[in-house]
Amino acid sequence: MPRIPIQTDAAPSAIGPYSQATRAGNTVFFSGQIPLDPATGEVVEGGIDAQARRAFDNLKAVAAAAGGSMADIARVGLYLTDLSQFAAVNAVMAEYFESPYPARSTIEVSALPKGVLFEVDAVMVLD
């Protein structure tokens with residue numbers, strides 16, 4: 001099965017040898033989205049709320065470029081440098097998803113690219 005790369009200018013360009021997402025059949029695998037402003041390539045200012053919103057906005061843009069929406073996402077992975085910020089990220093996530101919610105894992109990590117506080121990746125299934 002061929003892999004089809006997904007790319008959109010509405011989300012930050014990849015900062016390494018990877019695609020924003022890759023479609024294989026009806027499944028789309030998203031690379032991690034960090035809170036970079038797609039227009040400037042810079043980390044957004046603000047705390048965990050602002051960073052989570054920007055990362056989810058980036059995820060939403062890549063989903064649209066792949067022909068889907070947040071409602072088509074089956075699984076998300078959340079990565080935080082401080083798990084005590086989980087409630088704030090959980091509240092932001094609730095702004096982007098409706099029931100039935102995707103499956104999710106949440107992992108505290110020691111560091112993320114560019115020193116950000118939050119990263120999200122996902123798997124989306126299209127009809």
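Q: Which residues form one aromatic cluster?
A: In this predicted model, local features need pLDDT of at least 70 and side-chain atom pairs count only at pLDDT 80 or more, while totals for chains, interfaces and linings use all residues. Residues are numbered from 1 along each chain as its sequence is written, and side-chain values use heavy atoms, with hydrogens and water left out. Rings of Phe, Tyr and Trp (its six-membered ring) pair if their centres lie within 6.5 Å, with planes under 30 degrees apart counting as stacked, over 60 as edge-to-face and the rest as tilted. The one cluster is made up of Phe 56, Tyr 96, Phe 97 and Phe 118.

Q: Is the pair of Phe 56 and Tyr 96 stacked or edge-to-face?
A: A search of the whole structure finds three aromatic pairs. For Phe 56 and Tyr 96, the ring centres are 5.2 Å apart and the planes stand at 25°, so this pair is stacked.

Q: How many residues apart in sequence are the parts that Phe 56 and Tyr 96 tie together?
A: Helices (H or I, at least four residues) and strands (E, at least two) are DSSP runs, numbered from the N terminus. Because Phe 56 lies in helix H1 and Tyr 96 in helix H2, the pair joins parts whose separation in sequence is 40 residues.

Q: Is Tyr 96 buried or exposed?
A: Buried means under 20% relative accessible area, exposed over 50%, and partly exposed in between (1.4 Å probe, protein chains only). Phe 56, at 0% relative accessibility, counts as buried. Tyr 96 has a relative accessibility of 16%, and therefore counts as buried.

Q: At what angle do helix H1 and helix H2 pack?
A: Two packed helices are described by the angle between their axes and the distance between the axes. Axes are lines fitted to C-alpha atoms, for helices over the stretch in contact, and angles run from 0 to 180 degrees between N-to-C directions. Helix H1 (residues 48–65) and helix H2 (residues 86–96) have their axes 9 Å apart, and the packing angle is about 35°.
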